[in-house]
Amino acid sequence: FPVTIPRAVVGGIIYHVSQKSVPQGFNPLRAVVIAYAVGIGLCLALMAFFSIRYGEREAFTAPWQWSWSVFGIGFGAVMIEVSFLLIYRAGLDLSVASVGVTIGVALALLPIGVFLHGERLTLRTAAGILCCLCGLLLLVRR
């Protein structure tokens, strides 16, 4: 699959602007269900396209072949979706909320990457973490 950071950035922009634009009285869980229905439809269409393009014989796998990790992705995705919707409803700015959450996630993933996945903590990475912490402090202080 072709993967690029700019596509992820465009997806993030669409995601956050859409989240911020959900009407105040719209049930957050209903919004997430509708969003996932659209996402499932798009994923099915893309799976069919890429299966044909790359010659995959099976588009789907049997449930006993699934990894626990895909369930974690689903659980985490629902938490992210509902949380951002409620964060924006509480009045946080687009620019502050997404950056604050992203920095928080990056900082929380650091020890997981180092201790569970054997990633290296370099001086450059430590300097970046320090910059993230300073940026987070600047964002949350009013």
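**Aromatic pairs and helix contacts**

Colleague: How many aromatic pairs does the count come to?

Modeller: Two aromatic pairs. The rule pairs rings of Phe, Tyr and Trp (its six-membered ring) whose centres lie within 6.5 Å; planes under 30 degrees apart are stacked, over 60 edge-to-face, and the rest tilted. Tyr 15 and Phe 84 form an edge-to-face pair, 5.9 Å centre to centre with 85 degrees between the planes.

Colleague: Which helices hold Tyr 15 and Phe 84?

Modeller: Tyr 15 lies in helix 1 and Phe 84 in helix 3 (residues 68-89), so the pair ties together parts that are 69 residues apart in sequence. Helices (H or I, at least four residues) are DSSP runs, numbered from the N terminus. Tyr 15, Phe 84 and Tyr 88 form one aromatic cluster.

Colleague: What is the model, and what counts in it?

Modeller: It is a predicted model: local features need pLDDT of at least 70, side-chain atom pairs count only at pLDDT 80 or more, and totals for chains, interfaces and linings use all residues. Residues are numbered from 1 along each chain as its sequence is written, and side-chain values use heavy atoms, with hydrogens and water left out.

Colleague: Is Phe 84 buried or exposed?

Modeller: Phe 84 counts as buried because its relative accessibility is 7%. Buried means under 20% relative accessible area, with a 1.4 Å probe and protein chains only.

Colleague: Now Gln 19. Where is Gln 19, and what does Gln 19 touch?

Modeller: Gln 19 sits in helix 1 (residues 5-21) and, at 8% relative accessibility, counts as buried. Leaving out residues up to four places away in sequence, Gln 19 touches Glu 81, Phe 84, Leu 85 and Tyr 88; contact means heavy atoms within 4.5 Å. A polar atom of the Gln 19 side chain lies 2.9 Å from the backbone oxygen of Glu 81.

Colleague: Which residues make the contact?

Modeller: Phe 84, Ile 87 and Tyr 88 of helix 3, and Leu 94, Ala 97, Ser 98 and Val 101 of helix 4.

Colleague: And where does helix 4 meet helix 5?

Modeller: Among the residues that meet are Val 96 and Gly 100 in helix 4 and Thr 125 and Cys 132 in helix 5. The axes of helix 4 and helix 5 (residues 123-140) come within 10 Å and cross at roughly 145 degrees.

Notes: Helices (H or I, at least four residues) and strands (E, at least two) are DSSP runs, numbered from the N terminus. Buried means under 20% relative accessible area, exposed over 50%, partly exposed in between (1.4 Å probe, protein chains only). A polar contact is a pair of N or O atoms within 3.5 Å; within protein, one must be able to donate a hydrogen and the other to accept it, and residues adjacent in sequence count only if both atoms are side-chain atoms. Axes are lines fitted to C-alpha atoms, for helices over the stretch in contact, and angles run from 0 to 180 degrees between N-to-C directions.
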